[in-house]
Amino acid sequence: MTEPLFIIPLWADLLGVGLGGVQGAMFASGFQGQRRLDWLGVAIIGIMIGMGGGLIRDILLGQTPATLQNQWYLVTAGGAALFGMLLAGLFTRLNTAIVVLDAVVIGMFGAFGTSKALAFGIPEVPAVFIGVCAAVGGSVLRDMLMGLPTAIMHVGSLYAVAAGAGCTFIVIAVALGMPITLAAIIGIAVTAVIRVLAVTFDVSLPEQRRIYRRKVAAETGAIAIVKPSADL
């Protein structure tokens, strides 16, 4: 595989890692489960959120993970996790800020994943897939480590859908001739806006069981129900 024409700037990649570390640590600090997390546990969750998306992205691309080729990735993720842990009490009272931060992190990892995939010559549809995996990969690792149900597999506020929309915009914009850097920036904004609006208005995909129940009701609606007589 030839060297790509586009390379994610180190500062941008570290910014995504740092924001992910802060968001992951804040989530873990507020976790109220049967098994309470100590400082080390919170730090590990923050680091995995910060570095997980990049790890998954590069593994899917068949590349040595960038997070393992530069010491600043782990240093940034660890420092950001510590920062998020120490200020968790303050940030938990700023729910809007947390939602926006989470949306930006999703958008950044998705945009970086898709842009890097396109730069390596990956076709458009797999590029979107890689971007979405990078966007949600950190949260999947987090839920697995914490023994929680995987968030993207359950009814929620368009987590992966928002990432998919942003990544799809990037591949379409690049195909139409837009510079990949500009497309990535707008893609981050698209993902963040959809995610924030979904959380604000509590929008989610239909629940599978609800669809099944509606189907059963439609199929059985014409069947007469015989009720026992009150005289019996």
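The exercises below treat a predicted model, and each one comes with a worked solution.

**Exercise 1. The overall fold**

Task: Find how many helices and strands the protein has, and in what order the elements run.

Solution. Start with the count: there are nine helices and zero strands. Next, read from the N terminus on, which gives α-α-α-α-α-α-α-α-α. Finally, look at burial across the chain: of the 232 residues, 43% count as buried.

**Exercise 2. The span and cover of α1**

Task: Compare the reach of helix α1 with the span expected at 1.5 Å a residue, then decide whether α1 is mostly covered or mostly open.

Solution. Step one is to locate the helix: α1 covers residues 10-29, so the count is 20 residues by the numbering of helices as DSSP runs. Step two is the span. The expected value is 1.5 Å times one less than the number of residues, and for α1 that comes to 28 Å. From the first C-alpha to the last, α1 reaches 28 Å, close to what is expected. Step three is cover: 14 of the 20 residues of α1 are buried, and the helix is mostly covered.

Val 22 counts as buried because its relative accessibility is 11%, and the cut-off for buried is under 20%.

**Exercise 3. A salt-bridge network**

Task: Which residues are linked with Arg 57 in a network of salt bridges, and is Arg 57 buried or exposed?

Solution. Begin with the total, which is five salt bridges in the structure. One of them joins the side chains of Arg 57 and Asp 13, at 3.5 Å from N to O. This pair links distant parts of the chain: Arg 57 sits in helix α2 (residues 39-60) and Asp 13 in helix α1, 44 residues apart.

Put together, the network takes in Asp 13, Arg 57, Asp 58 and Lys 116.

Then check burial. Arg 57 counts as buried because its relative accessibility is 1%. Asp 13, with a relative accessible area of 4%, is buried, and Asp 58 is buried at 0%.

For practice, repeat the check on another pair: Asp 143 and Arg 142 meet through their side chains in a salt bridge of 3.0 Å, N to O. Asp 143 is buried, with a relative accessible area of 2%, and Arg 142 counts as buried at 7% relative accessibility.

**Exercise 4. The cavity**

Task: Find how many cavities of 30 Å³ or more the whole structure has, and which helix gives the most to the lining of the largest cavity.

Solution. The search finds one cavity of 30 Å³ or more. The largest cavity holds about 60 Å³ of space. Its lining is made up of Gln 23, Ile 49, Asp 102, Val 105, Ile 106, Phe 109, Ala 135, Gly 138, Ser 139 and Tyr 159. Sort these by element: α5 (95-119) and α6 (124-146) each supply at least two of the lining residues. With four residues, α5 gives the most.

**Exercise 5. Around α6**

Task: Decide whether Gly 131 and Pro 123 are buried, partly exposed or exposed.

Solution. Take Gly 131 to begin with; it lies in helix α6. Gly 131 counts as buried because its relative accessibility is 0%. Its C-alpha atom and that of Thr 168, 37 residues apart along the chain, are separated by 9.2 Å.

Pro 123 is found in the loop between α5 and α6. With a relative accessible area of 48%, Pro 123 is partly exposed. Pro 123 and Val 171 are 9.2 Å apart in space, C-alpha to C-alpha, and 48 residues apart in sequence.

**Exercise 6. A nonpolar surface patch**

Task: Which residues form a nonpolar patch on the surface with Val 193, and how does Val 193 itself count for exposure?

Solution. The patch consists of Val 193, Leu 197, Phe 201 and Val 203, with about 380 Å² of accessible area together. Val 193 lies in helix α8 (residues 180-200). Val 193 counts as partly exposed because its relative accessibility is 47%.

Terms used:
Residues are numbered from 1 along each chain as its sequence is written. This is a predicted model: local features need pLDDT of at least 70, side-chain atom pairs count only at pLDDT 80 or more; totals for chains, interfaces and linings use all residues. Side-chain values use heavy atoms; hydrogens and water are left out. Buried means under 20% relative accessible area, exposed over 50%, partly exposed in between (1.4 Å probe, protein chains only). Patches are made of residues with over 30% relative accessible area and no salt bridge: like charges are joined within 9 Å, nonpolar side chains (Val, Leu, Ile, Met, Phe, Trp, Tyr) within 5 Å. Accessible areas come from the Shrake-Rupley method with a 1.4 Å probe; for residues, only the protein chains shown count as cover. A salt bridge is a side-chain nitrogen of Lys or Arg within 4 Å of a carboxyl oxygen of Asp or Glu. On a 1 Å grid over the protein atoms alone, a cavity is a set of points where a 1.4 Å probe fits but cannot get out, and a pocket is an open set with protein on both sides within 12 Å along at least five of seven lines; lining residues have an atom within 4 Å of a point. Grid points are joined across faces, edges and corners, and a volume is the space filled by probe spheres set on the points.
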